[in-house]
Amino acid sequence: MPMTARTNSPADVVIVGAGAGGAAAAWRLASSGLSVVCLEQGGWVTPESVPSLRTDWERARQRSHHPNPNIRNNRWDYPVDDRDSEINPLMYNAVGGSTIHWGAHFPRLRPNDFRVRSCDGVADDWPLSYDDLEPYYDLNDDWMGVAGLSGDPANPPRARRPFPPLPLGVGGVRLASAFDRLGWHWWPVDAAILTSPSGSRGSCNNCGPCDLGCPTGARASTDITYWPAALAAGVELITEARVRRITMSTADQASGVEYLDRSGQVVQQPAGAVVLAANGIGTPRLLLLSTNADHPSGLANSSGLVGRRLMHHPTALVTGVFDEPLEGFMGPYAVSILSQEFYETNRDRGFLRGFQMQLIRSDGPLGAALGGYQRPVPWGERHHSEFFRQFGHTASLTVTTEDLPDPDNRVTLSSALVDNTGLAAPHVHYRVEPNARKILSYGIEKASVAMREAGARELVVHDLIASAGFHLLGTARMGHDPTTSVVDADGRSHDVANLFIADGSLFVTAGALNPTSTLQALALRVADAIVSGGTRAR
Amino acid sequence: MPGKDGSTDLDRLLDVLIPSFDGLPGAGSLGLAGSVASDASANPRFAEALERVLDALGSSMKPFGESDVRAVEERNPEAFADVINLAYTNYYTDARVLAVVERHTGYRAAPPQPTGYELAPFDPALLENVLGRAVRRSNQLTESDTSP
């Protein structure tokens with residue numbers, strides 16, 4: 001093991017990860033007067049480097065900017081051993097984390113998502129309620145910037161959205177009309193995308209590929225939302241710093257973290273508290289890498305649940321091919337309308353909980369040819385006729401399901417793969433649980449009904465999108481009982497008094513909605529708990 | 001090795017995969033073999049796939065058509081899929097091809113940024129039905145709550 005090259009000055013709090021949760025926590029902690037160091041294994045992504053400024057932007061999406069780190073193979077990334085997973089985990093490592101490459105769909109969980117055991121007799125209730133989290137949702141909305149419309153009858157009342165909704169697009173209007181005729185719920189989505197300029201951020205210009213980055217700054221990512229304020233509040237952000245373990249002073253007190261700096265030297269960062277915000281795979285990986293004599297099966301793991309209960313939101317896709325052009329290449333690809341008609345449990349359907357349907361617009365020419373949402377365009381004599389029959393003529397509905405926690409769906413350390421510093425890669429074991437399978441089948445049926453009602457001439461069904469592992473949840477769950485949870489309702493480890501978690505690992509159940517607004521609200525709440533707990537560097 | 005007309009096996013394969021269209025020659029005649037080969041060389045899996053498919057097509061002097069290529073695809077499905085990825089990736093990111101796509105669809109051949117497309121205002125009238133249903137459901141619930 002390399003020797004320590006240096007020891008940094010102590011901080012009140014060290015945060016691992018500068019993404020969705022880490023940025024929010026960093027700002028909140030520093031604004032409350034604590035000294036904060038944040039360690040991020042990636043670097044800054046500049047607006048000028050965004051591939052959508054280039055003609056070959058779709059090549060970048062397939063190669064250098066692919067959401068799968070195993071394909072992208074950026075030096076900031078670590079590989080993920082996903083050979084035992086039905087779904088490929090996706091993430092991005094940089095200041096901003098995976099918000100650098102996301103679609104910015106920004107729903108909140110619904111009140112019943114926090115009480116699944118009480119409502120349906122399965123899984124567990126969260127140790128907090130929607131009402132507990134609501135002020136943090138509101139605060140986070142202010143920072144990220146949300147376009148949308150209050151008044152959704154399927155959700156609790158919420159503050160007026162400061163930016164008007166994105167246009168639905170031709171396909172969105174068609175599907176909304178179809179939902180109306182079917183008598184089903186729909187609503188324009190909340191999107192973390194500005195529809196008019198604000199401060200240093202520009203307005204959305206409807207370009208499409210939000211996942212590749214947004215040079216106008218309209219689509220939120222924490223490098224342009226929280227980070228400027230966090231840095232102004234005094235956070236020291238150290239980039240290209242790969243944390244390799246949490247260090248301990250006693251059996252139940254962390255002393256800080258040890259990381260490799262960009263030159264490969266080992267650095268100690270002492271801190272009064274450690275906050276892990278490295279996502280639902282990176283956080284359990286780090287806890288499992290931090291074994292010691294007092295914690296032989298991984299730090300904070302007396303429950304045995306570190307890494308377990310991984311939830312991804314299994315997703316199916318139903319694509320309609322229409323005779324009329326829908327111009328789906330225009331507009332933020334992932335955000336238009338959603339339906340929560342089948343979200344809550346109806347036992348007559350043969351499964352518990354439910355799903356959301358979210359309209360996806362469509363791909364650019366290359367994505368269409370390769371068959372991202374529809375069938376791949378055949379090669380040969382029929383190539384061009386098939387391409388033009390489909391390109392710009394499709395709209396898709398995702399069926400995103402509740403993903404009940406299963407302890408066998410888990411993150412361990414790989415015995416086959418290491419990262420570019422020699423640390424064991426995470427090994428993901430994931431199978432779609434039976435309840436979610438039933439939801440997928442039912443959801444495909446309903447999405448198909450909607451597509452036909454909207455006038456689709458042909459349907460293309462993807463039963464399970466293996467490449468939709470965007471959501472990394474549940475691997476260090478919250479709870480009151482130390483024997484059945486990793487952290488308490490404040491995100492504090494039951495085993496290590498000054499160790500906190502502030503990312504998707506905290507989720508007790510997954511809901512069936514995109515998790516970023518919830519995990520950020522949790523991160524802000526965890527930060528407040530740290531502040532009120534009086535953590536100081538020592 | 002180039003044939004009599006100077007074309008290579010990869011040129012001819014690309015022409016079969018993506019034939020000529022609307023004034024554009026096929027992908028090989030368009031001169032995409034170089035970028036396809038370069039793209040493949042950056043990824044060992046793609047490089048091996050391309051080599052395997054070209055080897056399976058046989059001697060560079062032997063002419064081949066769609067049926068020959070389909071036979072190769074049947075024998076090497078995974079490698080062939082990677083070659084399709086290479087071919088499509090380089091074809092549909094070529095400015096000349098995107099110009100044709102624009103002519104036929106309204107898709108703009110320029111990069112998505114910085115221009116984008118018009119951001120039309122949201123039309124709140126679209127919500128009349130969904131809000132009306134919510135009011136009716138709410139009224140039904142209220143009536144059932146107060147019924148004896």
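In the predicted model, chain B holds seven helices and zero strands. Its elements therefore read α-α-α-α-α-α-α from the N terminus on. Of the 148 residues of chain B, 33% count as buried. Among contacts in this chain between residues at least 6 apart in sequence, 53% join residues at least 24 apart.

Helix H2 of chain B, residues 33-41, has Ala33(B), Val36(B), Asp39(B) and Ala40(B) as its buried residues. Viewed down the axis of H2(B), these buried residues fall within an arc of 130 degrees, so they line one face of the helix. An α-helix has 3.6 residues a turn, so residues three or four places apart point the same way. The face of H2(B) turned away from the buried side carries exposed residues, namely Gly34(B), Ser38(B) and Ser41(B). The packing partners of the buried residues of H2(B) are helix H1 (9-17), helix H3 (44-57) and helix H5 (77-91) of chain B.

The contact between the chains takes 36 residues from chain B and 47 residues from chain A. On the side of chain B that touches chain A, the elements giving two or more residues are H1, H5, helix H6 (95-105) and helix H7 (128-146) of chain B. The residues on this side of chain B divide into 24 nonpolar, nine polar and three charged.

In chain A, six strands form an open sheet in the order E5-E11-E12-E13-E10-E16, with antiparallel pairing. Strand E5 (187-188) and strand E16 (458-462) of chain A are the edge strands, each pairing on one side only. Strand E11 (residues 337-339) and strand E12 (residues 355-360) of chain A pair in the antiparallel sense over two bridges. Ser339(A) has Met357(A) in E12(A) as its bridge partner. Helix H6 of chain A (residues 169-182) packs on the sheet and touches E11, E12 and strand E13 (394-401) of chain A. The direction of this helix makes about 25 degrees with that of E11(A). Helix H11 of chain A (residues 434-453) also packs on the sheet, touching strand E10 (315-321), E12, E13 and E16 of chain A. The direction of H11 of chain A makes about 155 degrees with that of E13(A).

The largest nonpolar core has 158 residues, of which Val13(A), Ala25(A), Ala26(A), Val36(A) and Ile193(A) touch the most other members. A second, separate core of 41 residues includes Ala369(A), Val377(A), Val36(B) and Val69(B). Val36(B) is also one of the buried residues of H2(B).

Conventions:
Residues are numbered from 1 along each chain as its sequence is written. Chains are lettered from A and ligands numbered from 1 in the order in which they are written. This is a predicted model: local features need pLDDT of at least 70, side-chain atom pairs count only at pLDDT 80 or more; totals for chains, interfaces and linings use all residues. A residue is buried if 20 or more other C-beta atoms lie within 10 Å of its own, exposed if 12 or fewer, and partly exposed in between; C-beta atoms are placed from the backbone. Helices (H or I, at least four residues) and strands (E, at least two) are DSSP runs, numbered from the N terminus. The arc is that of the directions from the helix axis to the C-beta atoms. Two residues are in contact if their C-beta atoms, placed from the backbone, lie within 7 Å. Two strands pair if DSSP finds at least two bridges between them. Axes are lines fitted to C-alpha atoms, for helices over the stretch in contact, and angles run from 0 to 180 degrees between N-to-C directions. Ala, Val, Leu, Ile, Met, Phe, Trp, Tyr, Cys and Pro count as nonpolar, Asp, Glu, Lys and Arg as charged, and the others, Gly among them, as polar. A nonpolar core is a set of buried Ala, Val, Leu, Ile, Met, Phe, Trp, Tyr and Cys residues joined through C-beta atoms within 7 Å.
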